[in-house]
Amino acid sequence: MSGTFTKSMARNVFYGGTVFFILLFLALTFDSMATLPKRDNRQNLTEEVVAGKKLWEVNNCIGCHTLLGEGAYFAPELGNVYVRRGPEFIKAWIKSQPTGAPGRRQMPQFNFSDEELDQMVAFLKYMSEINTNDWPPNVEG
Amino acid sequence: MQYQSQAVAKPYFIAAIGLFVGQILFGLIMGLQYVVGDFLFPEIPFNVARMVHTNLLIVWLLFGFMGAAYYMIPEEAETELHSPKLAIAMFWIFLVAGALTIVGYLTVPYATLAELTGNDLLETMGREFLEQPLITKVGIVVVALAFLFNISMTVLKGRKTSIALVLLLGLWGLAVFFLFSFYNPSNPVLDKYFWWWVVHLWVEGVWELILGALLAFVLIKVTGVDREVIEKWLYVIITLTLITGIIGTGHHYFWIGTPEYWQWWGSIFSALEPIPFFAMTVFAFNMVNRRRREHPNKAATLWALGTGVMAFLGAGVWGFLHTLAPVNYYTHGSQITAAHGHMAFYGAYVMVVLCIISYAMPVLRGRAANSNKAQVMEMWSFWLMTIAMVFITLFLTAAGILQVWLQRFSDTPMSFMATQDQISLFYWMREWTGVVFLIGLVVYIASFFVKGETRAAA
């Protein structure tokens, strides 16, 4: 940092650089938005899936599980659970919680109706069909 | 204290420390639930404990940032705060709203809380870190706007230093990006894409401006180095932060349905993200070495140096460790992520808030620095908490490497839970180290009550 590089020059570089990279980020975002319809499975975004997403949210599933790797690391990844376990297992599993096995991690009982269980499964199926660049590396998540 | 209105910072700092204690207690509960799965079930399920742990962290850091701004801005602007009364009113509103939210998390099932608080009007809940009920989110916006109005008016009528402008820019950015928490599209990929505009653009964007401004302010005070030099450094550091961090958002866009080119953009730019943190470390040590006065507050200087080093290690090195797409393919959403998150938040944000508290609190209590005895105790707490956090991070990293090896990299991958059983030893070690962290925090609080010879504030 030589004497010729003044504070006002540093300030100008800051503003110029920041504006440039914000614009670049916005450009990449616009391009992503244009590309997403081919990747994000939106043709299958039914009312049932949307209802399932809401169930996922209001029961704070992300507080224990990951979904496409994002969330808490206490319980298994569920972005691909539809592939790993299938719809019937998922429903039976949710219905049978908590296991009450001493010392084991426990999942609460959410008292879902049959309709809600179907919505949750529809949401998890939807998530498993998003193009994630082949993540996770294997079915265990 | 040069300006009477700086005194409003004091309750903010006290509340921040109080909530910090709550955060750590819930962290210990979660840590134990990792190995004794049914601990406190069903009273406090893991997801509730985690929500309390992370939300308390965010709220106490916000208390710290606001307290810091109320302390710094009058001194920087060389004028009294626009409205100390507004600042105190907002303090109570924020504290009560925050407390009610935590009570809500702990006493009502989350789905019921969502129903009671109008989540059906605008669905914003149930997303990581943005779990707050709609009314709490609106409350945060109201408090933030009143706060920004207050400090912006103060700067407008007074001296406009670079530190004040950078701090304002960071705080306004914090408020603006929080608005994305109200946008929750039903398309999960879009939801995730813009969720990061709050989370990443906060902690790897505008919060770093706040961090830089706080650090620069304390360094000017404790070293007496010329403001022109320090502010030039500040601009260089935040330039590096934003030109790497904004496109660096792309390291979250590898596996969530977004286009593949983000693997290049995200890997390259986030690989550069350690540079501003390295510059910050060099900056802090450089300024302290070039000091023109011996400030009696040694503890504040230690926190300032510690912030640089630990932010570089936690955010810089541990971030780089898993940010390249081919590595992240295996480590994404594993204990490696948790390791990075812990050290980065502690090193960058916890330490800088404790740094400004360490500098400002003695002045707010009418002395230039605490007694030598109190400072020695505070420095003990610095080392206890910092070393504990280093080991928490190392144990989680070890757990993460094993997890990736057994569950992701193997030809015969184990299931998630079978893997967790294999790595429980590291979770136990993390938990015990967490207890050491809590002891450090208790020592820290005790240091405020140590008496002894002090010098009056200048």
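The entries below go through the chains one by one and then turn to where they touch.

**Entry 1: what kind of model.** I noted at the start that this is a predicted model.

**Entry 2: chain B.** I began with the secondary structure and found 16 helices and zero strands in chain B. Next I looked up the radius of gyration, which is 22 Å for chain B, while the globule rule gives 23 Å for 458 residues. The C-alpha trace of chain B spans about 65 × 45 × 45 Å along its principal axes. Buried residues account for 58% of chain B. I also checked contacts between residues at least 6 apart in sequence: in chain B, 80% of them join residues at least 24 apart.

**Entry 3: chain A.** Here I counted five helices and two strands. Their order along the sequence of chain A reads α-α-β-β-α-α-α. What radius of gyration does chain A have? I got 22 Å, whereas a compact globule of 141 residues would be near 14 Å. The box filled by the C-alpha atoms of chain A is roughly 70 × 40 × 30 Å along the principal axes. In chain A, 40% of the 141 residues count as buried. For chain A, 65% of the contacts between residues at least 6 apart join residues at least 24 apart.

**Entry 4: where the chains meet.** I found 57 residues of chain A in contact with 61 residues of chain B. Several helices of chain B each supply at least two residues to the side that touches chain A, among them α2 (46-77), α7 (188-223) and α14 (372-409). Which helix gives the largest share of that side? It is α8(B), with eleven residues. By class, the side of chain B that touches chain A has 32 nonpolar, 17 polar and twelve charged residues.

**Entry 5: one helix pair.** I then looked at α1 (residues 7-35) of chain A against α8 (residues 227-248) of chain B, whose axes lie 9 Å apart at an angle of about 10°. Angles under 35 degrees count as roughly parallel, so I logged α1(A) as roughly parallel to α8(B). The contact includes A:Phe14, A:Phe21 and A:Phe25 from α1(A), and B:Tyr235, B:Leu242 and B:Ile246 from α8(B). Sorted by class, this helix contact has 14 nonpolar, three polar and five charged residues.

Conventions
Residues numbered from 1 in each chain as written. Chains lettered and ligands numbered in written order. Predicted model: local features only at pLDDT ≥ 70, side-chain atom pairs only at ≥ 80, totals over all residues. Axes fitted to C-alpha atoms, helices over the stretch in contact; angles between N-to-C directions. Helix = DSSP H or I, 4+ residues; strand = E, 2+ residues; numbered from the N terminus. Parallel < 35°, antiparallel > 145°, perpendicular 65-115°, else oblique. Contact = placed C-beta atoms within 7 Å. Nonpolar A, V, L, I, M, F, W, Y, C, P; charged D, E, K, R; others polar. Rg over C-alpha atoms; globule rule 2.2 N^0.38 Å. Buried ≥ 20, exposed ≤ 12 C-beta atoms within 10 Å, placed from the backbone.
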